[in-house]
Amino acid sequence: MLTTLRIFSVNHQKIPNMHINNMCCCKIRASLKRSKPRGCLGRNYSSLPGLIGNDIKSLQSIINPPIAKIRNIGIMAHIDAGKTTTTERILYYSGYTRSLGDVDDGDTVTDFMAQERERGITIQSAAVTFDWKGYRVNLIDTPGHVDFTLEVERCLRVLDGAVAVFDASAGVEAQTLTVWRQADKHKIPRICFLNKMDKTGASFNYAVESIKEKLKAKPLLLQLPIGEAKTFKGVVDVVNKEKLIWSSNSDDGKDFQRKPLLEMSDPELLKETVEARNALIEQVADLDDEFAGLVLGEFSENFDLLPAEKLQMAIHRVTLAQTAVPVLCGSALKNKGVQPLLDAITMYLPSPEERNYEFLQWYKDDLCALAFKVLHDKQRGPLVFMRIYSGTLKPQLALYNINGNCTERISRLLLPFADQHVEIPSLTAGNIALTVGLKHTATGHTMVSSKSSALAAARRPEREGRGKHRPNSEGQRLLLAGVEVPEPVFFCTIEPPSLAKQPDLDHALKCLQREDPSLKVRLDPDSGQTVLCGMGELHIEIIHDRIKREYGLETYLGPLQVAYRETILSSARATDTLDRTLGDKRHLVTIELETRPVEAPSVTPVITYAESVSEDLLKASHEAIENGIHSACQQGPLLGFPIQDVAVTLHSLIIHPGTSTTMISACVSRCVQKALKKADKQVLEPLMSLEVTVNGDYLGPVLADLAQRRGNIQEIQTRQDSKVVTGFVPLAETMGYSTVLRTLTSGSATFALEFSTYQAMSLQDQNALLSRRIGSV
């Protein structure tokens, strides 16, 4: 019955007439046509899920496991906390790989872009699907570097739970706070894994305290470490009062012993565990009324008699309610503590049906899916990753794109394992899939089975009396929910090797923009050069490298420049008249308007109209007026950077009959620019929040260097043997900071930068910038 499985290293696996589902490790940036086969990397993959030797599991369980048995989770953390290493161990213990990959060796499953292997960092999120004790887990390994925060954001949008990985020697770090806030925004239940317990300086208590203080979370200690740093050899299961010891003779960590704690052999450990268990029971009882009733009733006299199953169910409910976070510990690199983490993922994190998505009730059983990532393959065109919330997805199915207001057809449905692909005939709710054939779908688009289905879903709340007079209700908002793309803070020019290669460069940039919404490309109106706008130095460096490797173009980058903004400090009025005759038609517009600063930060201009302006005129020319205002605010009067925090009020408008909308826009734009030039002007510069971790011996030179960079130090904390400096520094002053910091501290310090806000420059700094940019103040 089973057709021979043929593995094509460059594309996909196909099993004819078989409904094999989710046999995958979904790499959310898979190069679908590799120049080198996977085999050359020396990795071995074991049998596909569902295939054990020559035996075949129940086809139904392989195609679509019960929704209660599915877990969509993400792994998130600060850079270098051990996310990818943890994912590698999970893959190994679940049976999908036969050898352990290592980030330092560049042979991990989820980091297979050349840039990821060379740098030892995760750049694009990777989803890995595996089975564990009867559960289907779709796991996403996300980047920790601040330049790739959008990768984390768009993947968290489609997850049901998350594992936050911490370096036990450092606790909560800068980027940990960022990803934690992102998870809070999407209301994602999570568990904490204190990794690197074997590292010198590792402290379980310190890491737990930092979770309490910095994340304002309530940690539930489900495990205690047996030893720390070099003496770390296992963990204590607090819930079951057992100890898990990993064999020192085992190279891969598969062999470990689970033994009950006994008074005779481990009196001290047992006493500590009983105290921790009693504290855990009291903590959970405070947060869960059902469990509190049980504890105060049957087991009030002796907590030891409380069954572990009852406690686990209560921890599951508390985790779902996000009132506390379970905490586990281990060392992924030393292969300790990963199997209990897998058990905790299936036991405490929610299934898709346990997450409350309000908008789903309006769809009933109709298809509803969210596109959360787009790739571009040279052979197949755009490839779209989707999370299915309800209904079933099939090849050759026509989908209606609510955001794009268009209908598209899926040609094929794939589930990728790393850079190989399995073609499947259908996929049900709760799963994540890759679709081929959707040419207009972008990140954040909502896909449904038809336009009538979307209209029916929109009408249902009104019918039930919930949606009337609530156009911005939760259901409507989530229906079109996407991903907020941050504004880029760095830009530089990019040039092809010759003019003949310009179309190839344009094509490459267009493809990369579809894959990465945080990359912006624009044309400089004065020089005609192509300008790349990105989230940081590393982001632009990676894009440049990918253009060379994937598209074969040797491009030249100009110097990195900072994306400043401009604003005004005073109000100004202006009047303008545009009178043109084109052919036999006269175009005449007279306009009077006022620009003024606004207190609340606003990237786009706030537009208002005086009562004296005719409503009939506004109806006919409203769009042209707003286009003109927005166009004028794209280039400020000082340096040509976008204007923000500005309000524009239209006081008078006279339009000659037959005047085109283009002429109206041109007149409005010119008038706004006149008003902006009259007002007092101010340059705004991007301000970065900075965290530097440095040995106490080098603190002085680091602080002195930050003072020279116009840095504003907020506080200096002590973390184990190191000092942690937090503060703010202008982005313009951070160019090449990593090299300087390495030199000052003999390579021992680390730092993390994150965009904070735009702040006004001092008059002295502004004049210095103007003189550098235009030659005179």
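The model is predicted. Its largest nonpolar core has 83 residues, and a second, separate core has 44. The structure holds 24 salt bridges.

**Nonpolar cores**

- In the largest core, Val 163 and Phe 291 have the most contacts inside it. Helix α7 gives the most to this core, with seven residues.
- Beyond its neighbours within four places in sequence, Val 163 touches residues from several stretches of the chain, including Ile 73, Ile 75, Met 76, Ile 191, Phe 193, Leu 341 and Leu 349.
- The second core includes Ile 494, Leu 706, Leu 731 and Met 761.
- In soluble globular proteins, nonpolar side chains tend to be buried together.

**Helix α9**

- Helix α9 runs over residues 308-321.
- Gln 322 follows the helix and has a positive phi, near 60 degrees.

- Arg 387 sits in strand β16, residues 381-390. Its relative accessibility is 1%, so Arg 387 counts as buried.
- A polar atom of the Arg 387 side chain lies 2.6 Å from the backbone oxygen of Val 158.
- The side chains of Arg 387 and Asp 160 also make a polar contact, at 3.2 Å.

**Salt bridges**

- Glu 550 and Arg 546 form a salt bridge, 3.0 Å from N to O. The two are four residues apart in helix α14, so about one helical turn separates them. Arg 546 is buried, at 3% relative accessible area.
- Glu 685 pairs with Arg 710, with the closest N and O atoms 2.8 Å apart. This pair links distant parts of the chain: Glu 685 is in strand β35, whereas Arg 710 is in the loop between α17 and β36.
- The two ends of that bridge have their own accessibility values. Glu 685 is buried, with a relative accessible area of 1%. Arg 710 is partly exposed, at 28%.
- Glu 685 and Arg 710 belong to a salt-bridge network that also links Glu 733 and Asp 765.
- Asp 705 and Arg 709 form another salt bridge, with closest N and O atoms 2.9 Å apart. Both residues are buried.

Note on methods:
Residues numbered from 1 in each chain as written. Predicted model: local features only at pLDDT ≥ 70, side-chain atom pairs only at ≥ 80, totals over all residues. Heavy atoms only, no water. Buried < 20%, exposed > 50% of the residue type's maximum accessible area, 1.4 Å probe, protein only. Polar contact = N/O pair within 3.5 Å; in protein donor to acceptor, adjacent residues only side chain to side chain. Expected span 1.5 Å × (residues − 1). Core = buried A, V, L, I, M, F, W, Y, C linked by side-chain atoms within 4.5 Å. Contact = heavy atoms within 4.5 Å. Salt bridge = Lys/Arg side-chain N within 4 Å of Asp/Glu carboxyl O.
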